[in-house]
Amino acid sequence: MHRTSTVIGTLGALLLAAGAYAQAPASEVDAHVAAARAAAGQEYRATFVNLCMPAAPRGGGPGPAAGARAGGPPATPDRANWYASPYKVFDNFYWLGTRQHSSWALRTSAGLIIIDTNFAWATQPEIIDGLTALKLDPRDIKYVILSHAHGDHDQGVAELQRRYGAKVVMGAADWQATLQRPATAAGGVPTRGASDVTVGPEGTKITLGDTTVTVVATPGHTPGTLSYVFPVKDQGKTVMVAYSGGTLTGGFGTDGARWDEYIASQKKIAGVAAEVGAAVLLSNHSEYDGAYTKARLVPLKREPGEEHPFLVGTDGVQRYFTVMAECALASKLRLGAK
Ligand SMILES: [Zn+2]
């Protein structure tokens, strides 16, 4: 039994190595899906399903939905379906999200860094009022770092720039796309002045006071997608965070280069996260990192042995990026992309 399966496995590997198939055999796709499933466990189930299932429920990337999100009038949905209170999640780090999408504030010795901004209709109730409720001053916002130029993460930036003089940090290609938007786009269009930051493929570091955010170019979800690692304090102890800037791969189709770019980006940010020992994994969607649920657990009493709700450990961080890369490998093969 054992010997038979070994022989079959070896044969299969030989055939693959010889490039005997125009399209990958189902078994190779299955192997990547299985690797992703194993890495996902229970905690990254939604990321696994959205990325690995062939009929993903929603598209990502530059599909028509993204275009509609970037433009059009800012219709405010019913607050009862999205409003969430702000929470302090680490000593110097705050969650300002709706139930679906996250914005974050990183407090430094020289002001605030906002990470992602949500839809325009959430800017006042979630970011500005959220900071005030947490006894922080929105006028201290010095930087807004945007993971990518889709409306569910960037519509608020123009208002924060206009009202508080915040410097905007964005990937080069996503700046390009943003500056082409009509002035009537929801939330308005940020301007790019000399003090704003355009991030190229080499990435950058944003230092404000005592805190540095390492910005890693992770093209894929959009051409200018950025991911980050940065330190936060948990009861005085430094904990490193890895932030995944863009998730979905809908719309990549048979564009092999796009899949390869996305896969390489996940390996790159996973490598940087491993280097700094990142033990917290964050995203801009609660669906993927559980932020909406975890944020309200932070102030509750922890039992002996219970960790901070956002601590997933270095292995947990690595497993997240494994899910992304393995699902992309499976999808690329399944679609016959070259
Ligand atoms: Zn997006």
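Which hand does the crossing of H3 and H12 have? I open the notebook with that pair. The model is predicted.

**Entry: H3 and H12**

I looked up the two axes first. Helix H3 covers residues 45–52 and helix H12 covers residues 313–334. Their axes come within 9 Å and cross at roughly 15°. Angles under 35 degrees count as roughly parallel, so H3 is roughly parallel to H12. The crossing of H3 and H12 is right-handed. That settles my opening question.

Next I listed the contact residues. H3 contributes Thr-47, Phe-48, Leu-51 and Cys-52. H12 contributes Tyr-320, Val-323, Met-324, Cys-327, Ser-331 and Arg-334. By class, the contact of H3 with H12 holds seven nonpolar residues, two polar and one charged.

**Entry: the disulfide**

A disulfide is a covalent bond between the sulfur atoms of two cysteines. How many disulfides does a search of the whole structure find? It finds one.

I then read the torsion about the S-S bond of Cys-52 and Cys-327. The value is about -105°, so the disulfide is left-handed. The pair links distant parts of the chain, with Cys-52 in helix H3 and Cys-327 in helix H12, 275 residues apart.

**Entry: H2 against H3**

I turned to the other helix packed on H3. Helix H2 spans residues 26–40. H2 and H3 pack at an angle of about 160°, and their axes are 9 Å apart. Angles over 145 degrees count as roughly antiparallel, so H2 is roughly antiparallel to H3. The crossing of H2 and H3 is right-handed.

From H2, I noted Val-33, Ala-36, Arg-37 and Ala-40. They meet Arg-45, Phe-48 and Cys-52 in H3. The contact of H2 with H3 divides into five nonpolar residues, no polar and two charged.

I traced the strand order next. Seven strands form an open sheet in the order E1-E2-E3-E4-E5-E6-E7, with mixed pairing. Which strands stand at the edges? They are strand E1 (87–90) and strand E7 (197–199). Each has a single partner strand, so one side of each is left without a neighbour in the sheet. The twist averages 20° from one strand to the next.

I followed two of the pairings. Strands of a sheet pair through backbone hydrogen bonds, either parallel or antiparallel. E1 and strand E2 (residues 93–95) pair in the antiparallel sense over three bridges. Lys-88 stands opposite Tyr-94 in E2. E1 and E2 form a hairpin, with two residues between them.

Strand E5 (residues 141–145) and strand E6 (residues 167–171) run parallel, and three bridges join them. I looked up Tyr-143 and found Lys-167 as its bridge partner in E6.

**Entry: helices across the sheet**

Last, I checked which helices lie across these strands. Helix H7 (residues 157–164) lies across strand E4 (111–115), E5 and E6. H7 runs at about 160° to E5. Helix H8 (residues 172–179) lies across E6 and E7. H8 runs at about 110° to E6.

Conventions: Residues are numbered from 1 along each chain as its sequence is written. This is a predicted model: local features need pLDDT of at least 70, side-chain atom pairs count only at pLDDT 80 or more; totals for chains, interfaces and linings use all residues. Side-chain values use heavy atoms; hydrogens and water are left out. Axes are lines fitted to C-alpha atoms, for helices over the stretch in contact, and angles run from 0 to 180 degrees between N-to-C directions. Helices (H or I, at least four residues) and strands (E, at least two) are DSSP runs, numbered from the N terminus. Angles under 35 degrees count as roughly parallel, over 145 as roughly antiparallel, 65 to 115 as roughly perpendicular and the rest as oblique. A crossing is left-handed if the near helix is turned anticlockwise from the far one by less than a right angle, and right-handed if clockwise. Contact means heavy atoms within 4.5 Å. Ala, Val, Leu, Ile, Met, Phe, Trp, Tyr, Cys and Pro count as nonpolar, Asp, Glu, Lys and Arg as charged, and the others, Gly among them, as polar. Two strands pair if DSSP finds at least two bridges between them. A disulfide is a pair of cysteine sulfur atoms within 2.5 Å.
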